[in-house]
Amino acid sequence: MSAVIEKEISANHPLADVAQKVYNGQRISRDDAIKLYQSDDLAAVGALGEYARRLKAEPGQENYVYYIHNMHLNPTNFCVETCRFCSYANPDERGKAYTWGVDRVLEEAGKGAALGIKEIHMVGGLNPACDLAYYEEVLQQIKSQFPHIHIKAFTAVEIEYLANLDGISYEEVLQRLIDCGLGSMPGGGAEIFDDAVRERMAVKKTPAPVYLDIHGIAHKLGIKTNATMLTGISETVENKVDHMLLLRGQQDISGGFQCFIPLKCYYDGTNIQNEVTEPTSADLLKDVAISRILLDNFPHIKAYWIQLGVQLAQLALSFGADDLDGTILEEKITHAAGAKTPLQLAEEKMEQLIASSGYKPVVRDTVYNIRQISPLEPAALNQSFAERLAALSHS
Ligand code: V47
Ligand code: SF4
């Protein structure tokens, strides 16, 4: 199968040794990943990400790009924490914070159900009014009214908080939520695992060992989870590589991560902009490509179009991402911090974006079962990476 994938890196290229490992399907090291980040040959890094993606795909599915018809639900934006990058739960606006009753959550879910969504992605602030009993009822009610909708909900941060509120173990919280219909967990709340970054950003919740422990327990209990990394919050390249290595190590042990999502911080409503370096488009594309290569035990890498913007997300598909997330009816977290991406991409639009990027659009369910293969044929691209990137930076 690998014979059909073009090997673009020549033997005298500075990345030749790393490229050889990628071509052989070998695991790369911390130093290799740092070298990829330090390379100024973005096209080469992208080509390796694409190679790793194709090598990982099932035979015949090398050009599949997945998406799902979904909605985000955020039952509360009140949060006892005050992470400095978060505008969604903004301490200055606490008086305006909202907390939905179970009926309101159901009403919102109903709007998505009427539009045919297959997944609810539900996360919220850490709010003592929204305890385990509240969420058990929310899950039960959604499941009883919309049994066909998969509920992907609660970051590890929320699981930690719910366990502490009730004085019970993470395992008991997770088991009770699963018993009420929880289908899988999203990857939010990982931020950057490095303690110094977390201290600068006033992140007091869920340090790395707790995040990893909770995901490991979820995997043991039989549900899949995702993982994230938030960039643009004063992290170094080494911090990013170490973050991914911790995730790779956990995946070696528990095996239930299905997707990694590199996230980019937006700064409206925060006071951190002068202390951080905003990631460039090239940085974001490298996060996609290098995560695809380094996280060799993660099945999928997501290009989160809400944060990347549609055009960069399309380009990210040629850097190793194989998932565009979903149609997403409404998104609050990044839009509270200034994202201008449109909401609710229609399914036809999603498919056009994928096909016009040179890939085959495939509708998936939350756990990556294929639901429908689009009749749209992937476009033949007549522009190189470099030309597409240049067009993007001039647009
Ligand atoms: O955990 C917070 C991040 C995350 C900001 O698992 C911010 O499929 C940008 O995790 N600018 C929530 N980001 C989003 C998330 C996610 C999204 C899509 C898919 C999946 C999945 C997960 O957003 C938070 C935090 O890391 N965040 N503030 C901000 N100002
Ligand atoms: Fe609360 Fe999460 Fe925002 Fe931190 S990032 S303030 S834990 S909602």
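1. Basis. Residues are numbered from 1 along each chain as its sequence is written, and chains are lettered from A and ligands numbered from 1 in the order in which they are written. In this predicted model local features need pLDDT of at least 70 and side-chain atom pairs pLDDT 80 or more, while totals for chains, interfaces and linings use all residues; side-chain values use heavy atoms, without hydrogens and water.

2. Seven strands make an open sheet with parallel pairing, in the order 2-3-4-5-6-7-8. Strand 2 (70–73) and strand 8 (300–301) each have a single partner strand, so one side of each lacks a neighbour in the sheet. Strands (E, at least two residues) and helices (H or I, at least four residues) are DSSP runs numbered from the N terminus; two strands pair if DSSP finds at least two bridges between them.

3. Within and against that sheet. Strand 4 (residues 150–153) runs parallel to strand 5 (residues 182–185), with two bridges joining them; Ile151 is placed opposite Leu182 of strand 5. Helix 11 (residues 281–294) packs on the sheet and touches strand 6 (224–231), strand 7 (257–264) and strand 8, contact being heavy atoms within 4.5 Å. The direction of helix 11 makes about 160° with that of strand 7.

4. Four strands form an open sheet of mixed pairing in the order 9-1-10-11. Its edges are strand 9 (323–326) and strand 11, each pairing on one side only. The twist averages 30° from one strand to the next.

5. Strand 10 and its partners. Strand 1 (residues 64–68) is joined in parallel to strand 10 by four bridges, and Tyr66 stands opposite Val362. Strand 10 (residues 360–364) pairs antiparallel with strand 11 (residues 370–373) over three bridges, where Val363 faces Gln372. The hairpin of strand 10 and strand 11 has five residues between the strands, and Tyr368 there takes a positive phi near 70°.

6. Ligand 2. The residues around ligand 2 (a heavy atom within 4 Å) are Cys79, Glu81, Cys83, Phe85, Cys86, Ala89 and Lys205. This shell divides into five nonpolar, no polar and two charged residues, with Cys, Phe and Ala counted as nonpolar and Glu and Lys as charged.

Notes
Axes fitted to C-alpha atoms, helices over the stretch in contact; angles between N-to-C directions.
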